[in-house]
Amino acid sequence: MSAEEVKTRGRVQAGTVTPFRRPEESSKDISEHFDGREMCPVTQRVILVSPFPGGIHELVRDLSEDCFDVLVFHHWEQGIRNAQTADLLIFDLTPFQDPEEAALVKSLVQDAGNVPSLLLVNETLLPKLDQGMMNQELLVWPARPGEINYHAQRIIRNGGQRTPASRLMTGTSPAIFKDLWIDRNKMAVYRSGAKIGLTKTEYELLVKLLEREGSVLSREELLTEVWGTSFLGGSNIVDVHIKSLRKKLGDRAVNSIYIATVRGVGYRLAD
C-alpha cells in the first residue's frame with residue numbers, strides 16, 4: 001500500500017468485503033443461532049501487538065464481529081514469538097510520535113517471516129516516516145467504519161501461497177483448505193456453501209492429506225491409515241479413490257487445485 005493510498009484511505013468504503021457464510025444446515029440445528037445471528041463458520045487469527053490496547057478497542061471489536069479471532073499482546077517480542085500461529089500481525093504504532101521509535105518495529109516485521117503484517121499509525125507520525133516504513137502496509141488510525149476489516153481481508157488474501165494458520169489445524173473442526181470447508185464433527189465437506197457428497201473413504205483420504213499440511217503421503221501410508229492394511233501388491237485402490245475424490249471436488253490430475261500427484265510416490269495437497 002503506497003503512501004498516497006494511506007493518506008486517501010477514505011476511498012475504501014465499508015461493506016466491500018463479502019463476509020464468510022456458513023453452509024446451509026437443517027433448520028432443526030438451531031444451537032448455533034442466537035437472536036437471529038449466526039456463529040462464524042470460519043475464523044481467521046489476528047495477533048494485535050499494542051502497548052496500550054485500550055486505545056484501539058474499536059479495532060478489536062470490529063475484527064471480532066467480522067469473524068476474526070483476535071489475540072492481544074502488550075509486548076512486541078510476545079507477538080513475534082507467536083507470529084506463526086497467526087494469519088495477520090497488527091502492530092499498533094499510534095502512541096508513537098517519534099519516527100525513530102516506530103522504525104524499531106520495522107525489524108520486528110522482518111522477524112515475523114512470511115506472516116503478513118499491518119502497521120497502525122497516527123496522522124502526526126505518518127509524514128515523518130522514512131521510505132522503508134512507507135513501503136509497509138499502513139493504516140491511519142482511527143479509521144473509517146469497516147476499513148480495518150477490509151484491509152485485514154485484503155492483506156491475508158494477498159499473502160501469497162502461505163497456508164493460513166487458523167484454517168488448517170489438526171484435530172479441530174472446521175478445517176479449511178482454499179475454498180473447502182471440512183466439518184470434522186459431521187464428516188462433511190462443503191464448497192461455497194454446497195455440500196459435496198463424499199464417501200467415507202474419500203472423506204478420510206482428504207482429511208489425511210489435510211493433516212499432513214502439504215507433506216507427501218505415499219500410497220502405502222494411505223493404505224495403512226485409511227484402509228488399515230500395509231498390503232499394496234498390484235492394487236490401484238488408492239489411485240481409484242483419489243480419482244473419484246478429485247472428480248467430486250472438481251479437481252484434475254494436471255495443474256491440480258486440491259490434490260497433487262507426486263509421481264512414483266503418492267499424493268499431497270496442491271500448492
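The model is predicted, so to speak of local features takes a pLDDT of at least 70, and side-chain atom pairs count only at pLDDT 80 or more, while totals for chains, interfaces and linings use all residues. Residues are numbered from 1 along each chain as its sequence is written, and side-chain values use heavy atoms, with hydrogens and water left out.

Let's start with the whole. The protein has nine helices and 14 strands; these are DSSP runs, helices being H or I with at least four residues and strands E with at least two, numbered from the N terminus. Of its 271 residues, 43% are buried, meaning under 20% relative accessible area with a 1.4 Å probe, protein chains only.

Three strands make an open, antiparallel sheet in the order 12-14-13, where pairing takes at least two DSSP bridges between two strands. Strands 12 and 13 are the edges, each pairing on one side only. Four bridges join strand 13 to strand 14, and Thr261 stands opposite Tyr267 in strand 14.

| Strand | Residues |
|---|---|
| strand 12 | 217–218 |
| strand 13 | 259–262 |
| strand 14 | 266–269 |

Elsewhere, helix 2 (residues 57–65) packs against helix 6 (residues 147–157) at about 60°, with axes 9 Å apart; axes are lines fitted to C-alpha atoms over the stretch in contact, and angles run from 0 to 180 degrees between N-to-C directions. The contact (heavy atoms within 4.5 Å) is made by Leu59, Asp62 and Leu63 of helix 2 and Ile148, Asn149 and Ala152 of helix 6.

Methods
Buried < 20%, exposed > 50% of the residue type's maximum accessible area, 1.4 Å probe, protein only.
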